[in-house]
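Hi,

Here is the structure I promised to send over. Have a look at it first, and then read on for my notes.

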Amino acid sequence: MDKDIFYMKKVFDLARKGTGFVSPNPLVGCIIVNGNKIITTSYHKKSGEYHAERSALLKAKEKAKGATLYVNLEPCCHYGKTPPCTDIIIQSKIKKVVVAIKDPNPLVNGMGLKILKKAGIKVKTGILHKEAEELNKIFIKNMKLKMPYVILKAGLSIDGKIALKNGKSKWITSEKSREHSQLLRKEVDAILVGINTILVDDPYLDCRIDKNKKIKKIILDSQGRVPYFANFYKYSNPSDIFVFTKKMKESKKSRLQKKGINIIVDQSQGEKIDEKIVLNTLFKNGIMSILIEGGSKVATSFVKSKLVDEVFLYISPKIIGDDGLSFFGDLGFKNMHQIFSIKESKLIKLDDDILLNGKIKYG
């Protein structure tokens, strides 16, 4: 294997360790190599803490002189919560920097590489760039479109049903599928559901596999029916709960707001909550990624509005037929060229279930 590819793959592995805790920052790993020996490694652990490059160089100290630094994202060159990484790279007398992709942040976007080259450091880019873009797909969308990355998750029967018509759905998918879906909660900033999910299932909406993960909770409640007491309030800071509504009694709104819960009244026309207003509002509140776990109405609405980026469909080999509720409702198609499809699809076997994962391609 090519040496640069070998080390960059190790960089990706390091970067992934920060999954779920670095938002709104990207996932970044760093390895410093001298000769054929790894001097030190690091990764970005949490937003506000040192970036991977700075952390690695502080550990390497004088051993960094004349070494090669591998990093999956272009080093920053501006002051944020921490100083520019380009400064310490130059000060440490690094000889060469190998980068997978440029930083899409307009404050960087090639400037970091130019600064390093101007300082006499050799720079090589484009190593495993597709893999690097996939690693930071959330950050890239955030920077380019100023919108959260949206993932849709569902457990389905093989004929596309999510429950019986009487609402019973436990359990369509296997325990292994349900455990796997918890990994998605760890990766995102927030979970989004409709009010019917709250009223029927009374979910906690927490991350069971990592109690350190403080996930934000988004409820779409057009008629202001959200209860005063429910499981989703537990294990959450009130400020991490966002309820979007079209109308709500002032007394209820005031009571919930006094608890610290965010109540956002959508004043757009129509009775349905505008999904774009939801996403724009959440982005302005620092929410960079969302996992939709709502029912058919919420899923269909976001897909129809072409706002879903990626899907995770856990498909069980069970047949429900006309006695079941379909996951996707009316998407408004009139011709076959309009239909949506899943690209870059992957299949993963989970006991008897199959996980279908991929990006949505809109017609």
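Predicted model: local features only at pLDDT ≥ 70, side-chain atom pairs only at ≥ 80, totals over all residues.

**Rings**

Searching the whole structure turns up seven aromatic pairs. One of them is Tyr7 with Tyr70, a tilted pair with 5.1 Å centre to centre and 40° between the planes. Tyr7 belongs to helix H1 (residues 3-16) and Tyr70 to strand E3 (residues 68-73), so this pair ties together parts that are 63 residues apart in sequence. Both partners are out of the solvent by the 20% cut-off: Tyr7 is buried at a relative accessible area of 5%, and Tyr70 is buried at 2%.

The charged end of Arg178 sits over the ring of Trp171, 4.1 Å from the ring centre. For Lys259, the charged end sits over the ring of Tyr233, at 5.4 Å from the centre.

**Asp210**

Asp210 is in the loop between helix H8 (195-201) and strand E9 (216-220). Is Asp210 buried or exposed? With 13% relative accessibility, Asp210 counts as buried. Its side chain reaches the backbone nitrogen of Asn212 at 3.0 Å. Leaving aside residues up to four places away in sequence, Asp210 touches Phe21 and Lys186.

**Helix H6**

In H6 (residues 137-145), the buried residues are Phe139, Ile140, Lys141, Asn142 and Met143. What do the buried residues of H6 pack against? Their partners are E3, strand E4 (96-101), helix H5 (129-135), strand E6 (149-157) and helix H10 (275-284). E3 is also the strand that holds Tyr70. After H6 comes Lys146, which has a positive phi, near 55°.

**Helix H9**

H9 (residues 250-258) has Lys252, Lys253 and Leu256 buried. Looking down the axis of H9, these buried residues fall within an arc of 100°, so they line one face of the helix. As a reminder, an α-helix has 3.6 residues a turn, so residues three or four places apart point the same way. On the face turned away from the buried side, H9 carries the exposed residues Glu250, Ser251 and Lys258. The buried residues of H9 pack against strand E11 (262-265). Just after H9, Gly260 has a positive phi of about 105°.

Cheers

Key: Residues numbered from 1 in each chain as written. Heavy atoms only, no water. Phe/Tyr/Trp six-rings, centres within 6.5 Å; stacked < 30°, edge-to-face > 60°. Helix = DSSP H or I, 4+ residues; strand = E, 2+ residues; numbered from the N terminus. Buried < 20%, exposed > 50% of the residue type's maximum accessible area, 1.4 Å probe, protein only. Lys NZ or Arg CZ within 6 Å of the ring centre and 35° of its normal. Polar contact = N/O pair within 3.5 Å; in protein donor to acceptor, adjacent residues only side chain to side chain. Contact = heavy atoms within 4.5 Å. Arc of directions from axis to C-beta.
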